[in-house]
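Reader: I have a chain open here and would like to go through its packing with you. Could we take it piece by piece?

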Amino acid sequence: MLPTVSRGRTPSHVRSNSNPVFPQYLRRIVKWQQMDIEYTFWQMLHLCTSPKIVYVYLTGIVVLVVIWRMLMVGSDFLHVEPNNGCSYQHTKYHKQTKNQWARDDPAFIVVCSLLLVVSTLAYCAAYDHSTAHAVFVIISVLLFHFYLTGVAVATCCWFLTNNYLREEAPNSHVVEQRVEWQVQKLCTLYAFDVHCNSFFPVFVMLYVMHYFLSPLLVAHGFIPVLLSNLLFMVAVSSYHYLNFLGYDVLPFLERTTFFLYPIGIVIILSPILTLSGFNPSRYFMNMYFSQRL
């Protein structure tokens, strides 16, 4: 039976509580110099062009950590003594590498929030006449569209993955380790990272492209209705596809194609809404802005 605590060391759950990741993550938000802005824009670019590269790169970080640890430890990394707790050290080592999945740099969230504010300001300048209402719209978009929706989606995805999509192992100790890792990391940071990655292409389509196409999309007629529903369908589908990629890359999950099922629902609903004459662009523009279209 593998030991739960190695000699002369503090248990992992105690160390994680004494040095929590989330407060450190929040403290780095106010330290702009410590943010990797260049890497953030590289991620944003590839999320729109080749989203798999971002997750492959995250996997590569883990592989590099493995290689680095092997070089530092040397042959002892592969040498297993019968009674020195190396098996537990190997389990702890995998847990340490899994910690690399979630970002420790809040630059992506900060940059995405600033871009949301700028795009919403552009909408307010074009379609709103009240400064106070424009401030309300900016706060609403930032909080509800990005943060609160992200927390809700991340929590639901964490619950589904932890309870229904986890790969079961014959060794109960291995399963326990994976559940512990998911409770501590996947719910707090990684699941929200997946939401942020999935949200950015939606931002490009529904906040940037939609802004420049809005004179056409909010017009009356069948063509604006068709184009508006098509744009929303592609944006929502891309969100769920990137959400699927974020969880499919985790080696301890199975049946992650479950996250692709909403795309089928969107594809079915889109022609129905189009034939019914529903224009999502006009609906949301009238809901948020004082200028009626």
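Reader: Which residues is Pro280 in contact with, leaving aside its neighbours within four places in sequence?

Author: In this predicted model, Pro280 touches Ser228, Asn229 and Phe232 once the neighbours within four places in sequence are set aside. Pro280 belongs to helix H11, which covers residues 280–288.

Reader: Is Pro280 buried or exposed?

Author: Pro280 is buried, because its relative accessibility is 5% and the cut-off for buried is under 20%.

Reader: Let us turn to the helix pairs. At what angle do H9 and H10 cross?

Author: Their axes cross at roughly 175° and come within 10 Å of each other. H9 is therefore roughly antiparallel to H10, since angles over 145 degrees fall in that class.

Reader: Which residues of H9 and H10 meet?

Author: From H9, the contact involves Phe222, Val225, Leu226, Asn229, Met233, Val236, Ser237, His240 and Tyr241. From H10, the partners are Pro262, Ile263, Val266, Ile267, Ser270, Leu273 and Thr274. By class, this contact has 11 nonpolar, five polar and no charged residues.

Reader: Which residues are buried in H10?

Author: Ile263, Val266, Ser270 and Thr274 are buried in H10. H9 is included in what covers the buried residues of H10.

Reader: What follows H10?

Author: H10 is followed by Gly277, which has a positive phi, near 85°.

Reader: Where does Thr256 lie?

Author: Thr256 is in the loop between helix H9 (222–248) and helix H10 (261–275). Thr256 counts as buried because its relative accessibility is 5%. Apart from neighbours within four places in sequence, Thr256 is in contact with Phe244, Tyr247 and Asp248.

Reader: Now H6 and H7. How are they oriented, and what is the handedness of the crossing?

Author: Helix H6 (residues 107–127) and helix H7 (residues 131–163) have axes that come within 9 Å and cross at roughly 140°. The two helices are therefore oblique to each other. Their crossing is right-handed.

Reader: Which residues in H6 and H7 meet?

Author: H6 contributes Ile109, Cys112, Ser113, Leu116, Val117, Thr120, Leu121 and Cys124. H7 contributes Ala134, Val137, Ile138, Val141, Leu142, Phe146 and Tyr147. The contact divides into 13 nonpolar, two polar and no charged residues.

Reader: Which residues does the UniProt annotation "transmembrane region" cover?

Author: According to the unreviewed UniProt entry, that annotation covers residues 53–71, 107–127, 134–161, 216–239 and 259–278. In the model, residues 134–161 are 100% helix and 0% strand, with the end C-alpha atoms 38 Å apart. Residues 259–278 are 75% helix and 0% strand, and there the end C-alpha atoms are 26 Å apart.

Reader: How many helices and strands are there in the protein?

Author: The protein has 11 helices and zero strands.

Reader: And what percentage of the residues is buried?

Author: Of the 293 residues, 40% are buried. Among contacts with a separation of 6 or more, 80% are between residues 24 or more positions apart.

Terms used:
Residues numbered from 1 in each chain as written. Predicted model: local features only at pLDDT ≥ 70, side-chain atom pairs only at ≥ 80, totals over all residues. Heavy atoms only, no water. Helix = DSSP H or I, 4+ residues; strand = E, 2+ residues; numbered from the N terminus. Buried < 20%, exposed > 50% of the residue type's maximum accessible area, 1.4 Å probe, protein only. Contact = heavy atoms within 4.5 Å. UniProt positions renumbered as here; feature names shortened; annotations may be inferred. Axes fitted to C-alpha atoms, helices over the stretch in contact; angles between N-to-C directions. Parallel < 35°, antiparallel > 145°, perpendicular 65-115°, else oblique. Left-handed = near helix turned anticlockwise from the far one by under 90°. Nonpolar A, V, L, I, M, F, W, Y, C, P; charged D, E, K, R; others polar.
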